[in-house]
Amino acid sequence: MTAELWRLTAHEAHEGLRDRQFTSVELTESVLARIKSVEPRVNAFITQTAELAIEQAKEADAKYEAGAATPLTGIPVGVKDLIVTKGVRTTAGSKILENFVPPYDSHVYEQLRRAGAVMVGKTNMDEFAMGSSTEHSAFGSTRNPWDLDLVPGGSSGGSAAAVAAGECLVALGSDTGGSIRQPASLCGVAGMDPTYGRVSRYGIVAFGSSLDQVGPIGRDVEDLATMLDCIGGHDERDSTSNPEPMPDLRHYLGREIEGLRVGVPKEYFMQGMEPGVTTRITETLALLEDLGAVVDRELSLPSTEHALAVYYLIAPSEASANLARYDGVKYGYSYQDGSSMWENMETTRGHGFGPEVKRRIMIGTYALSAGYYDAYYKKAQQVRTLIHQEFQEAFKRYDVLVTPTTPNVAFPVGAKLDDPYQMYLNDIHTLPAAVAGLPALSIPCGDSDGLPVGVQLIGDFFQEGKVLQAAHALERGMPWANRLPQL
Amino acid sequence: MTAVATAYETIIGLEVHTQLTTRSKMFCACSADYSGAGPNTHVCPVCLGLPGVLPVINERAIESIVMTGLALNCQIAPFSKFDRKNYPYPDLMKGYQISQYDLPVCHDGWLEITVGGEHKRVGITRVHMEEDTARLLHRVDASTGEGYTLVDVNRSGTPLMEIVSEPDMRTPAEAREYLVRLRQILRYIGVSRANMEEGNFRCDANVSLRPVDAPEYGAKVEIKNMNSFRAVHDALAFEVERQARLLNAGERIVQETRGWVDESQETVSQRTKEEASDYRYFPEPDLPPMRFNEAYLERIRERIPELPEARYRRFLELGLSDYEASTLTESRDRADYYEAVMHALNVDRQRAAKLAANWTLGSVAEWANATGNDVASIPVSAERLAELIQLAEDGTITGTVAKQVFDTMLESGRGARDIVEADGLAQVSGGDELTEIVRKVISENEKAVGDYRAGKESAVKFLVGQVMKATRGRANPQVVQELLVEELG
Ligand SMILES: [Zn+2]
């Protein structure tokens with residue numbers, strides 16, 4: 001049976017490990033063999049850590065022997081390559097960090113290790129998380145396991161594809177404007193962007209600091225809850241991390257949703273949406289009603305349309321500062337053949353950053369410049385406040401909001417690479433919750449011509465439990481649950 | 001045509017950067033006291049600006065800046081925040097500096113200075129918090145002659161306070177006095193070592209000239225690279241003269257940054273305004289805004305010691321001279337020591353004030369000057385010094401002996417009474433012993449005795465000196481002289 005252990009979800013695997021049906025080493029070896037077989041086609045990882053994984057699996061087995069295991073002990077995980085891991089190269093998908101081996105650990109990786117999880121590799125991503133297709137990676141694009149000619153979404157495309165392809169049981173991604181939910185949707189897996197402040201950002205290579213949030217990607221809702229339980233909670237090294245204690249999220253699973261108040265904002269059903277996506281979402285709403293939820297399809301959130309503009313001013317502005325440190329002086333790629341310090345620094349950045357990163361640095365630098373700040377950055381922050389307030393009003397009347405995660409299913413590699421705006425539109429449904437800092441997740445809700453469709457559930461601040469509760473109830477009533485692609 | 005030199009008014013404003021003496025750095029746990037440490041030994045991922053790190057505010061630093069603001073009569077903002085100041089430079093680990101832009105912690109204060117007996121308030125525009133940069137060491141390779149630069153990150157992220165004055169100073173002397181007073185206050189409240197030579201107190205000056213009574217300021221020149229109060233004074237004096245000369249010749253002053261060159265005693269142009277940077281400030285998203293309520297301010301206010309100005313006035317009331325009061329209050333150490341000595345003396349208040357002042361400004365100051373130490377580190381405690389003074393005051397020992405005993409106390413750590421008893425230094429105040437010595441001196445100094453008898457009054461001084469020498473200073477010179485006169489008939 002060990003040959004197919006990679007097919008298990010994390011909670012199934014935990015049961016098997018706990019009951020001594022197999023060891024973590026056996027489970028890990030199964031996953032490593034799966035990586036060996038599919039990775040040449042999927043390219044979900046930038047760095048594989050097979051040796052380290054076996055070592056960690058042995059430690060995990062000892063924990064089970066000692067009765068000290070927790071739900072993630074011995075579970076093979078993928079870690080997005082902007083999550084800093086001591087001694088393991090961390091590139092953020094960029095040439096400029098191609099040789100950067102961090103001397104410290106991120107908070108989330110520390111938490112995973114404390115829980116005894118097993119890291120099988122660092123997953124591919126759009127450079128510095130800037131992108132929606134994982135094509136903007138200095139380490140080649142990741143392919144969608146459902147159709148290798150298609151993109152997996154992004155920027156956490158490596159994590160989503162790895163989970164879908166069975167190259168790890170669960171993974172960590174990061175979401176700035178949709179970077180967990182959108183690839184989860186396109187790859188037919190579950191992914192969650194927690195409330196801003198729920199998970200410490202210490203050790204997360206920064207993109208848009210006021211938006212970045214680490215979250216889990218897994219094959220089902222229970223695995224999301226387990227992962228978030230592990231990585232969430234206060235960390236004093238991140239001043240924006242919420243000091244409230246973490247609730248036990250697994251406690252929300254398996255509960256009825258009778259009477260749950262569901263709002264469906266009209267603005268998320270726009271023209272040009274793929275008909276297959278609309279159909280699946282309509283069915284999902286009907287299922288919610290069958291489960292006893294009260295669905296209001298007439299909700300209007302008029303500020304929704306501004307989220308894209310707000311996001312593409314704030315995130316690049318913050319990024320323009322966050323990426324200033326990569327100058328080739330201290331670590332990473334360094335051009336040294338110039339005739340002056342300035343030439344070396346400039347050329348390092350010219351060679352080290354890809355075109356999308358440069359584009360965003362330019363946008364951000366412009367938006368913050370003297371004379372433009374008020375019209376762009378400041379105005380964007382004001383509109384952000386409006387979006388925030390609009391959501392807060394809505395959550396006085398609804399427990400969760402339900403929308404499609406993306407307007408379309410996965411698209412062909414290269415299709416939108418030359419049209420940044422079309423690429424940006426991929427995140428149109430995931431941006432508003434990100435801009436407001438709300439918890440939101442995506443779970444598969446069926447397919448459109450064989451390709452996965454995702455439904456997004458958005459909750460009120462720090463109400464991850466309610467969102468997981470609704471998603472878990474939906475998942476159990478859905479035909480999709482736990483389907484894997486043929487590879 | 002006759003050239004008439006216009007009378008100009010000088011306008012000076014100062015920007016001071018001073019490092020706080022907190023235990024840890026501004027945004028990480030590294031020790032902020034790196035003096036004497038090897039390069040790049042006080043560093044961590046945060047102050048190295050590695051990918052993924054986040055800052056955490058040092059609450060002690062915030063208390064220090066609030067205390068500074070209160071001591072400088074500033075308003076403390078109820079709501080303040082940090083901003084990112086963007087500029088690329090190899091001494092800036094993150095490519096931006098965490099600083100404060102539009103909402104500094106402190107604003108609208110003042111500092112009183114006195115120049116030539118005139119009192120004047122210099123406005124404080126703002127005091128804000130930021131992090132220091134790494135230190136660059138420019139070197140030349142001896143074999144190739146090529147220049148290179150080393151980076152020491154120890155200083156990176158240490159808490160730095162920027163204190164900006166209003167353009168209220170009118171002479172280089174006022175500017176110097178402002179710095180002296182500012183440094184004094186910072187040291188009194190214990191927030192900074194404020195030592196310009198050590199580089200933890202840095203000053204940039206803005207100076208412009210305008211015809212007297214002109215409504216608008218002239219073009220402003222910023223002066224950098226001044227490493228002592230004297231340099232600030234001299235650079236400003238040079239600049240005032242340079243600008244006046246240019247204006248008198250009908251030329252325009254260029255708004256620019258100039259550097260002071262100590263060796264040649266002149267300022268030289270560094271960059272003009274056209275090249276000025278756009279720092280693209282925006283609120284630091286990694287740090288929540290700060291709010292200061294009245295209870296917090298009250299807690300800080302309670303911790304502020306008596307400030308030099310108030311202490312100076314109180315010392316005057318004790319009957320001290322202006323010189324004594326101002327010199328004693330120059331540093332908190334000295335004033336504290338002085339007061340401790342005074343309180344330990346068992347004589348009337350005014351006498352105690354005077355005695356303690358004499359000693360603190362005398363032997364104690366001499367020791368401090370000679371050793372280069374602070375008064376606080378003197379091995380003779382205030383209580384022990386008071387005991388010594390008391391012995392002199394009640395006549396047990398003479399003033400001369402008291403000074404000797406003090407030196408012995410410094411060297412040996414022994415108490416005054418112990419030294420006086422063990423070394424037999426108690427005053428010889430008459431009786432057989434002194435009479436015998438006086439007679440002996442008279443018999444051994446025939447020439448002086450002859451001079452005296454011939455009417456040369458001053459010869460008696462010589463004889464007194466001989467007696468003092470013979471008693472090793474233990475005799476009261478007054479008594480000796482009386483005895484001599486008596487014996488010489
Ligand atoms: Zn540090």
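Visitor: In this predicted model, how far apart do the C-alpha centres of domain 1 of chain B and domain 3 of chain B lie?

Guide: The model is predicted, and chain B is divided in it into domain 1 (8-296), domain 2 (306-422) and domain 3 (431-488). Between the C-alpha centres of domain 1 of chain B and domain 3 of chain B, the separation is 65 Å.

Visitor: What radius of gyration does chain B have, and how does that value stand against the globule rule?

Guide: Chain B, whose secondary structure comes to 15 helices and 16 strands, has a C-alpha trace that spans about 95 × 70 × 60 Å along its principal axes. For 489 residues the globule rule gives 23 Å, and the value for chain B is well over that, so the chain is more spread out than a compact globule, with a radius of gyration of 30 Å.

Visitor: What does the radius of gyration of chain A come to?

Guide: Chain A holds 15 helices and 11 strands, and its C-alpha trace spans about 65 × 55 × 45 Å along the principal axes. The globule rule gives 23 Å for its 487 residues, and the computed value is close to that, so chain A is as compact as a globular protein of that length, with a radius of gyration of 21 Å.

Visitor: What share of the 487 residues in chain A is buried?

Guide: Burial here requires 20 or more other C-beta atoms within 10 Å of a residue's own. By that criterion 41% of the 489 residues of chain B count as buried, while for the 487 residues of chain A the share is 61%.

Visitor: Which helix of chain A gives the most to the side that touches chain B?

Guide: The contact between the two chains involves 36 residues of chain A and 24 residues of chain B. Helix H9 (307-322), helix H10 (341-352) and helix H11 (355-368) of chain A each supply at least two residues of the side that touches chain B. The residues on that side of chain A divide into 19 nonpolar, nine polar and eight charged. With three residues, the helix that gives the most is H9(A).

Visitor: Which elements do the buried residues of H12(A) pack against?

Guide: Helix H12 (residues 374-394) of chain A has 21 residues, which at 1.5 Å a residue should span 30 Å, and its end C-alpha atoms lie 29 Å apart, which agrees. Its buried residues are Tyr376(A), Tyr377(A), Ala380(A), Arg384(A), Ile387(A) and Phe391(A). An α-helix has 3.6 residues a turn, so residues three or four places apart point the same way. The elements that the buried residues of H12(A) pack against are H9, H11 and helix H14 (431-436) of chain A, together with S15 of chain B.

Visitor: How many bridges pair strand S10 of chain A with S11(A)?

Guide: Strand S11 (residues 451-459) of chain A is mostly covered, with nine of its nine residues buried, and S10(A) is mostly covered too, with seven of its nine residues buried. The two strands form a hairpin with two residues between them, and Asp449(A) in the turn has a positive phi of about 55 degrees. Ser442(A) stands opposite Gln456(A) in S11(A). Strand S10 (residues 440-448) of chain A and S11(A) pair in the antiparallel sense, and the number of bridges is seven.

Visitor: Which residue of S11(A) is the bridge partner of Leu441(A)?

Guide: Strand S5 (residues 190-193) of chain A pairs with S10(A) in the antiparallel sense over three bridges, and there Met192(A) stands opposite Leu441(A) in S10(A). In S11(A), the bridge partner of Leu441(A) is Leu457(A).

Visitor: Which residue of S11(A) does Pro404(A) stand opposite?

Guide: Strand S9 (residues 400-404) of chain A and S11(A) are paired in the antiparallel sense over five bridges. In S11(A), the residue opposite Pro404(A) is Val455(A).

Terms used. Residues numbered from 1 in each chain as written. Chains lettered and ligands numbered in written order. Predicted model: local features only at pLDDT ≥ 70, side-chain atom pairs only at ≥ 80, totals over all residues. Domains from an automatic or database assignment. Contact = placed C-beta atoms within 7 Å. Helix = DSSP H or I, 4+ residues; strand = E, 2+ residues; numbered from the N terminus. Nonpolar A, V, L, I, M, F, W, Y, C, P; charged D, E, K, R; others polar. Rg over C-alpha atoms; globule rule 2.2 N^0.38 Å. Buried ≥ 20, exposed ≤ 12 C-beta atoms within 10 Å, placed from the backbone. Expected span 1.5 Å × (residues − 1). Pairing = 2+ DSSP bridges.
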